[in-house]
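Notebook open, model loaded. I want to go through one interface and then one bit of surface.

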Amino acid sequence: MTSSPMTSSPMIPSQMSASLMPPPLMNSVTVRAVTKAFGASEVLRGIDLTVPEQSMTAILGPSGCGKTTLLRLIAGFEVPDAGQILLGGQVVSGGGRFVAPQRRRVGYVPQEGALFPHLDVADNITFGLTGRERRSGHRVEELLELVGLDPAVRLRFPHQLSGGQQQRVALARALAPGPSLILLDEPFSSLDAGLREGTGRAVVQALKATATTAVLVTHDQSEALSLADQVAVMRDGAIAQVGTPHEVYRAPADLGVAEFVGAAVVVDADLADGAASSDLGPLYVMAGVDAGPARLLVRPEQIQLTGSSQEGVEARVVDVSYFGHDAAVRLQVLASGRMVTARVLGLSVPLPDSLVRLSVTGPVAAYSPEV
Amino acid sequence: MGGSRATYPRLLLLLSAAIVLVAMIPLFFVVGYVVSTGWDEAVTLIWRPRVGELFRNTGLLVTGCVGLTAVLGTGAAWLVERTTLPGRRVWNVLLVAPLAVPAFVNSFGWVSLTARVEGYAGALLIVSLSYYPLVFLPVAAMLRGLDPALEETAAALGHSPWRTFIRVVLPQLRPALLGGTLIVALHVLAEFGALQLLRFPTFTTAIYDLYRSSFNGPAANMLAGVLLLSCLLLLTLELRLRGHHRYSRLGGGSARTIPRRRLGRATAPCLLAVGGLTALALGVPLGSLTYWLATGSSTSFPIGDLARTTATSLGLGVAGAILAMALAFPIAWLCVRRRGRLTILMERLTYFGNAVPGIVVALALVTVSIRFAPAVYQTLVLLVLAYAIMFLPRAMVSIRAALDQAPPVFDEVARALGSGPLETLRRVTLPLVAPGLGAGTALVFLAVVTELTATLLLAPIGTRTLATQFWGNSSSIAYGAAAPYAALMVILSAPVTLLLTRNRWRSITV
Amino acid sequence: MRFTAPARSKAGLAAALVALSVVVAACGSATGSADEGKGAGDKATLTLYNAQHEDLMALMVADFTKTTGIKVNMRNGEDFELGNQIVQEGKASPADVFVTENSPAMTLVDSKRLFAKVDNATLAQVPAQFAPADKDWVGFAARSTVFAYNPSQLKAADLPASIMDLAKPAWKGKVGISPAGADFQAIVSAVLALKGEPATVAWLKGLKTNAKVYAGNSAVLKAVNAGEVHSGVIYHYYWLKDQAESGANSRNVKQMYFGDKDPGAFLSTSGAGVLKSSKHQSEAQQLVKYLNGAAGQKVLADSKALEYPIGNGAKANKALKPLTELSPPIVNVDSLNGPNVVELMQQAGLL
């Protein structure tokens, strides 16, 4: 993507007033001990989260976990019951202060884009600009290019665009006033699987090009892992874990997070000196429990299959789901009868009912059995 | 925003509650009147043979018209939407067009040609011809939105087309049929002009007769009570029958084209059927009007009177429409944006207005204003208020449909983009709801221009509308003199009726 | 996407329609207020509650305004509609003068003591029988009850001798009436005054069985003419008016005067009175004086209304059967009771 004229943040007033603040906080988001209830139901119970500037944080969680409410609190559409929200080091909610959403200079991309149906693409994009900027209109093409759209679409109306195009226009509209922060509420969930990846990548590139901080709310773990710099996993109104995509996937805080973030094979074993023997063979434990009974997290892609070698544990192939680039193989370990799923490359897929040997590569995470 | 959220709706809530109370004046009045009259006198006034006769007449006419309009409306809708009937686009417009001819003009068209249409049979035929589009519109819309896969599945399961229609299509049409026929029934209960011309007395015509011979005496008000009760019964019955079905909203239509039944040899008889229906419902009244306009009587064309009356009707129509829309807006907004038990209750209560015939509204306002608000008595204010009360439900339905076009997410996006509440209203909400509001205004306008009974009772001295001038002339058998006023009403109604044939507005017929 | 763009043309259509109406309405109200402005000069504008035929009163009032400069606004309605309305409005009534087709509604308003005394000079313009004993209102026109019939369906020999005969079973389905109108109600009041309540109730019940009900006397005449019903009870001028115009609705109709002091020969008085609450007493008295004075009576006689002028020395239209030949029953106008009649008719199921 071409470099954009918007790389310098236009949030002049807050930059000036925040000049005494440490620079890294300038476009960051800080959420401190925020709670929110609707009537009797407690939706957020003490959220703490820091979104570093110029990065994308994904808030990942199942529906009803409170992630959208958190987003709406940051946008200013809702008021927290307790706690504080800071944008660029300035309190915008909490402690008796409340900054109206239209003064927060936060870009918002809702589900399905919500392009104004009565305005064409150009008018949608320039909606947040001042009258003079609107009339000049020269930024429209720049912004369309930034989100990877043909400038020719500027005269179309929203219903004449595909879902992916609508999302990109919605992002361009949110970026147009040069916000310090963009909030994306499940922006890709209504798109076809094929469109989702391309649109997601275009969005990330546009955000990087403009050095905009972003918060993405999603229930789709692959979306969160592939697009975000930081993933916050939410569960029941609380944050279960914050980390890089790799940390969250490879070393989840607990088995619940592990199973939400990706497919998991959980093995019970006795640990001694960071190693364990299980019915899947010997396993190397990376951290957690040192000795005694433990539950181990094995990711399906850690399970390797070999046809004839004497190494590993013998298993029978029950069935195979072939995806082309890879395949999920369901196996029954002969010795213990346990069912496990292995993810193998699509190049060499065993036939159902054939006998294979499996072994686990790489370290696994261990959790104490009570948890 | 937290603070504003709490207080803003409270103000709106109070305002809406006040509007609901105003809309319910007729209901309060009739109930209060019946109670204050006392049991004994109420019984003597209600429990008499004449009321029995009126009850029988009214009941027979309502059931007959419901049946006949259901058959005509559904049949016509099916032919237009689901068969290869030639000229479907034209038929679509022609079959809705009778809505542009008020029922009393339709009866005038018939009765000025032949007295044979007087009495039950004629009333049944002519009133049904006037009101079948109210069934045709929702049923046609529903047929169009119906998933063809349902019928295909039934066919695959071995059902004949007829059995498929009965077992699969008809149950799907239930909400549309119930909704449409309920509206027909309420219209028939409130119908005055057509039935008076056809010499078929019902509660509404009897109330008018009693009003003429005793102003707002107890007998008239008791009958109003009975009429109101009948309307409320109908409304409750329909709610029960409809159960949990909701009226289907019409989306953009399915992407799939619906397979149409080939009519083949049946084409000619079917064309004859819709042609005959159009001829009876539209051809006769328009032909008759043309005849009277051409031959006329001794009276010349009173251009000045016609222009002045038209201006009055237009002015009242605009004022009534604007007031109805303004009163409906806060309630509709609350219903869409702050749905809760209280707002649902308020919405339901305003719909009761739909069940109160114009003559009852007018009687109530006459008495209430004489007693409590002599300043507005016999003024246009009261008349316009009556229109607003009567047509509040129409306005509500259109505004709700319009607000559905502007869900809150647009407000949020606009605010995130830096627009304050007022700017958001101006740049986002209003442009989105404007077409719906325009259509709603047009619908109320149409209703006001052709309103007769409330206008007869409430019009201040010297105020003449097209409807009352038409009525004055046609009831003194001056058919030639009545015709131009009728023609003007038809001409004014035509554009709004045409609007109803467009997909987008089909669902908001009241 | 759920939200499709609204098609601008439809919005435009609706908007254009509304805009158009606003413009036209503005023009309309502009002309309306200009008219009112003219009237609001030095002279008072009277409000007339008119239950008489609108076209007749419009003629008389126009002539009155021409000679006196006093403008008159009319509210039109039926006798009892307007009479009861005045009673309800009481002192707040905007009416200055009340004019009816028949006297019972005058009696109703008078019974609530809402009329001012009529000037003696005005009273002197008509025979005393056309005013009540208390002189609170005065007559200015009269109309006779007639029996209209279709000679092709009804032989001369079969004509009823008395209006009371119409309740007999022989007349089932053969007679048309307009019971919701004040005219017929006035006829009933005469029957009540002459025959007493029991006979009147029996007669009304008979009519309920026998009569075909129409909305208005014109409708009765038209139905008789078309052969829908053999005969009808109406006032004399409907037939005469239609004959004078085209005869289209009276060609096949003859009318018979009952005469012989039968209740069916009842001569009904159209009354006029000044409301006590009127703020323009002198102008209001002028109007009443005009109505039964020589000028007003001449306009009445020359008009197409074909009602009987009753002013002393006034000459009726030549088409009318002379008043002196009618032989009406002698009924005191004070004895004609409106509310009681409406009640009896409700009991009989005619209302």
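This is a predicted model: local features need pLDDT of at least 70, side-chain atom pairs count only at pLDDT 80 or more; totals for chains, interfaces and linings use all residues.

Residues are numbered from 1 along each chain as its sequence is written, and side-chain values use heavy atoms, with hydrogens and water left out.

Entry one, chains C and B. I looked up who touches whom: 48 residues of chain C are in contact with 53 residues of chain B. The two chains bury about 4200 Å² between them, 61% of it on carbon and sulfur atoms. Buried area here is the accessible area (1.4 Å probe) that two parts lose on being put together, summed over both.

Next I checked charges. I get four salt bridges between chain C and chain B, with a side-chain nitrogen of Lys or Arg within 4 Å of a carboxyl oxygen of Asp or Glu as the rule. In the one joining C:Glu78 to B:Arg212, the closest N and O atoms are 3.2 Å apart. On the chain C side, the elements that each supply at least two residues touching chain B include helix 1 (8-39), strand 2 (71-76) and helix 12 (338-348). Helix 1 of chain C gives the largest share, 11 residues. Helices (H or I, at least four residues) and strands (E, at least two) are DSSP runs, numbered from the N terminus.

Entry two, B:Trp47. I found this residue in the loop between helix 3 (39-46) and helix 4 (49-82) of chain B. B:Trp47 counts as exposed because its relative accessibility is 75%, and the cut-off for exposed is over 50%.

Key:
Chains are lettered from A and ligands numbered from 1 in the order in which they are written. Buried means under 20% relative accessible area, exposed over 50%, partly exposed in between (1.4 Å probe, protein chains only). Contact means heavy atoms within 4.5 Å.
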